[in-house]
Amino acid sequence: MSKRISVVVSQSPSKNPAKRKLEEDIVLGLLLEPGIDVTVVPNLYDIKPDSTGMLALQGMAGNMVVVAWLYERATHWILDRNGINGQVGKVFLTSEPAEEGEEQPVDEDDKLRVIETREIPDRKIYALDLRSANPPQAFIDEIKRIHSENVVQVVGLGDLTGGLTSTAVASTGETAMRADSVSATGESVPNRIEAEGGRRWYPVIDYSRCTNCMECVDFCLFGVYGVDRIDTILVEQPDNCRKGCPACSRVCPENAIMFPQHKTPAIAGSAESAASMKIDLSQLFGAPSDGKTAEQIAAIERDEQLILAGRDAVGGPTVLPKRHEVREVAATDKLDDLVDQLNDLDI
Ligand code: SF4
Ligand code: SF4
């Protein structure tokens, strides 16, 4: 057994040299740190569920730090959607630090959130946004702090195998990859996962906000949303989503839908959107309001995508009977039928 923590560095999709340099400086700064295993992956959001990269992430045991060009919330829920679940680890280097003495907004209603219906594994996932600081040392120090106060016992692959090369580990995607793998020349090297496929565009649901109201599944006419076997909303066909369109994020009453690569922070998952229920949504989402509501803007965006896809525009925010209303009507009908049958029995 060895005391280790996994650090995942998610690369920018843009290949911007300054961004690459920051990523590599962090990797270099961590390579010789004892107990820290570094894996470099392509942009986390773009990794396909069945790819080597996602299998590798799913195989990592214990606590994990993920450093990405994404808001912390987005990182957490992208991982969650791919079965990499855990508690949110507290970080002190954030993209939107709270003012001193200011608490994060707390929902004061008593709605049941999907997260409350789930069991969350007793592991921590720490998300760091690469936009929160520029000097790589700030990230290195924060990761070392997390490691030192939160060391977890995981089984290193080297302990099991007697030492595999990093290439072999990456190709199998097995448990607890070792960052301080040693190359043929004797140097420490991180594990690197190559990109498979290109850029993607799809919604990510924050289940700590989602109330399972089904507004999104009713609104989307491209078959992106579905439900699991216990009728909980999920993004079932992510790649059906229309590139660049964030329409359904505007109709979600809980602001639970993110598009992590959208240029507007509130849509991309910034903490700013936590307070959005109290302010003008159209301003927050950065769309030209022209007196329109967020729902009207969303309907226009949806129509644009329908036309681009060669289909007919449908207009207003609500065009279909809402799924939960259909279910309620169906349940009422069944009850009425039962009462009728009992009456017929004349007992
Ligand atoms: S509209 Fe929002 S709150 Fe409702 S089910 Fe969809 S993601 Fe959840
Ligand atoms: S952005 Fe449009 S296509 Fe994509 S999930 Fe939302 S409503 Fe559906």
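This is a predicted model: local features need pLDDT of at least 70, side-chain atom pairs count only at pLDDT 80 or more; totals for chains, interfaces and linings use all residues.
How do the residues of the shell around ligand 1 divide into nonpolar, polar and charged? I looked that up and got 9 nonpolar, 2 polar and 2 charged.

Residues are numbered from 1 along each chain as its sequence is written, while chains are lettered from A and ligands numbered from 1 in the order in which they are written.

**Ligands.** Around ligand 1 I find 13 residues, and C210, C213, E215, C216 and C252 come nearest. To be near, a residue needs its C-beta atom, placed from the backbone, within 6 Å of the molecule. Ligand 2 also has 13 residues around it, with C220, F222, V224, C241 and C248 nearest. Its shell splits into 10 nonpolar, 1 polar and 2 charged. Helix 8 (247-251) and helix 11 (294-308) each give that shell at least two residues.

**Whole chain.** I see 12 helices and 14 strands; these are DSSP runs numbered from the N terminus, helices being H or I with at least four residues and strands E with at least two. Of the 347 residues, 37% count as buried. Buried takes 20 or more other C-beta atoms within 10 Å of a residue's own, exposed takes 12 or fewer, and partly exposed lies in between, with C-beta atoms placed from the backbone. Of the contacts with a separation of 6 or more, 69% join residues 24 or more positions apart. A contact needs the two C-beta atoms, placed from the backbone, within 7 Å.

**Helix 4.** Which residues are buried in helix 4? I noted F139, E142, I143, I146 and H147. The buried ones pack against strand 2 (5-10), helix 1 (17-31), strand 3 (36-41), strand 4 (64-68) and strand 6 (124-129).

**V65.** I found V65 in strand 4. V65 is buried, because 25 other C-beta atoms lie within 10 Å. Leaving out residues up to four places away in sequence, V65 touches I5, V7, Y126, L128, I143 and I146. H147 is 82 residues from V65 along the chain, yet their C-alpha atoms are separated by 9.0 Å.

Conventions: Ala, Val, Leu, Ile, Met, Phe, Trp, Tyr, Cys and Pro count as nonpolar, Asp, Glu, Lys and Arg as charged, and the others, Gly among them, as polar.
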